[in-house]
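Subject: Structure handover

Hello,

Here is the structure for you to look at. Please open it beside this email and follow along.

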Amino acid sequence: NVCLINKEYNMPYKAGESIPGATMRLFKRLGIDTITDLLDDTEYKRCSANVSSWGSDDWVYSSGMLNPEGAGFHVDRVMFDKALLMKAKALGIPVYSAIIDDVVLNNDSDVRFKVSLREGEIQEVSANWLIDATGRKAVIGKKLGYKRTKVDNQMAVVNWVSVPKQDNDNSTRIKSVQEGWWYTSLLPGGKRVVSFQGLSDEIGTLYKNPEQLLKKFNSEAILPYKLTTKSLLHSNAVEAGVSKPESVIYNGVLCVGDAALSFDPLSSQGIFFALYSGIKAAESVIGCLDTPLQKDSILNHYQQLIDRVFMENQKSRKYFYSTEMRYFNKPYWKARRVF
């Protein structure tokens, strides 16, 4: 038996919209054959290419046609999350709108936690296993007092803007500059996400001054037209560094997604890893229930799997940041060489 406790998300915008082509394999594992099983045509955009100005002033174009699994999609993240929630409900999973108040680990076979339901009622739930899918906030781990290691202190200011009808550039665009790097992609509904990744002081300044942020963006000629504050729909400042808990396994608790490993947004792996680790954690729990004598081996395998993902991601991250040598001595790029 499975239940899902979900904190309602009432904001119209949410960061994290890139779905790599390889995600389709994970969808199929979940019984989702195509993205149209989740979203209609107005709720996603096919990503045509990755276009980057990184390490030089030249733009490099990498067509999605060269990727055997496709270049992926850009989605309205709020609609995407709602679609997955509806999929869970359609499979008969009880979904409770609630906030977790407290978690108590009793023994090897019991986890108890109190939840505040939307109506104000507090209910105690007991389960063999608890999956922590609470994102970068890692709510369960914090309530249990487990430490989280910050590998990198990068932040991002994320803006959603309305765009003219003639904007039909479905590529992902990235450009490195002295203080960090820019990212933009076209979203469904005549919107575009524009984000800047940098050190906290720079992000704080740009977040408080959207006009200055858009002026800086326009000066880099990333798009063929200028953005103005009139087009600004919403802005947010978010954590964008790499972080991980000491262990992704506690006594009866398994961490998945950002709660297990928060990625640098340069990797565009957040959604992919959330689905991948969710599947692997579920398989681990099922294995422990079916073959309890192999529990330690199964859980060790899951921990090792997440550790391998972290190590490979760090190698890739180090490689890409090291290819930008123009700003070698600038504070942001110096910090990227530390990890």
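This is a predicted model: local features need pLDDT of at least 70, side-chain atom pairs count only at pLDDT 80 or more; totals for chains, interfaces and linings use all residues.

Residues are numbered from 1 along each chain as its sequence is written, and side-chain values use heavy atoms, with hydrogens and water left out.

**Cores**

In soluble globular proteins, nonpolar side chains tend to be buried together. A nonpolar core here is a set of buried Ala, Val, Leu, Ile, Met, Phe, Trp, Tyr and Cys residues joined through side-chain atoms within 4.5 Å. Buried means under 20% relative accessible area, exposed means over 50%, and partly exposed is in between (1.4 Å probe, protein chains only).

The largest core has 33 residues. Those touching the most other members are V103, F113, V115, L130, V248, L254 and Y302. At least two residues each come from β7 (95–107), β8 (110–117), β18 (249–250), β19 (253–255), α6 (270–290) and α7 (295–322). Helices (H or I, at least four residues) and strands (E, at least two) are DSSP runs, numbered from the N terminus. Helix α7 gives the largest share, 6 residues.

Take V103. Apart from neighbours within four places in sequence, V103 is in contact (heavy atoms within 4.5 Å) with V111, R112, F113, L130, I140, K143 and L144.

There is also a second, separate core of 18 residues. Its members include A22, L38, F80 and I271.

**Empty spaces**

Rolling a probe the size of a water molecule over the atoms shows where empty space is left. The search uses a 1 Å grid over the protein atoms alone. A cavity is a set of points where a 1.4 Å probe fits but cannot get out. A pocket is an open set with protein on both sides within 12 Å along at least five of seven lines. Lining residues have an atom within 4 Å of a point. Grid points are joined across faces, edges and corners, and a volume is the space filled by probe spheres set on the points.

How many cavities of 30 Å³ or more are there? The count is 1. The largest cavity has a volume of about 80 Å³. Its lining consists of P12, Y13, K14, E17, V75, D76, R77, V78, W160, L187 and K191. By class, that is 6 nonpolar, no polar and 5 charged residues. Ala, Val, Leu, Ile, Met, Phe, Trp, Tyr, Cys and Pro count as nonpolar, Asp, Glu, Lys and Arg as charged, and the others, Gly among them, as polar.

The second largest pocket holds about 910 Å³. It is lined by 33 residues, with N50, L266, S267, S268 and F320 nearest its centre. The lining divides into 14 nonpolar, 17 polar and 2 charged residues.

**Positive phi**

Most residues other than glycine have a negative phi, and most peptide bonds are trans. S268 has a positive phi, near 55°. S268 is in the loop between β19 and α6, and is partly exposed at 27% relative accessibility. A221 also has a positive phi, near 55°. A221 is in the loop between α5 (210–219) and β16 (232–239).

**Single residues**

S243 lies in strand β17 (residues 243–245). Is S243 buried or exposed? S243 is buried, because its relative accessible area is 8%. Its side chain makes a polar contact with the side chain of R148 (3.1 Å). A polar contact is a pair of N or O atoms within 3.5 Å; within protein, one must be able to donate a hydrogen and the other to accept it, and residues adjacent in sequence count only if both atoms are side-chain atoms.

K175 lies in strand β13 and is buried, at 13% relative accessible area. A polar atom of the K175 side chain lies 2.9 Å from the backbone oxygen of E220.

A259 is in the loop between β19 and α6. A259 is buried, at 1% relative accessible area.

R46 is in strand β3 (residues 44–46). R46 counts as exposed, because its relative accessibility is 53%. Leaving aside neighbours within four places in sequence, R46 is in contact with G72, F73 and N170.

Best wishes
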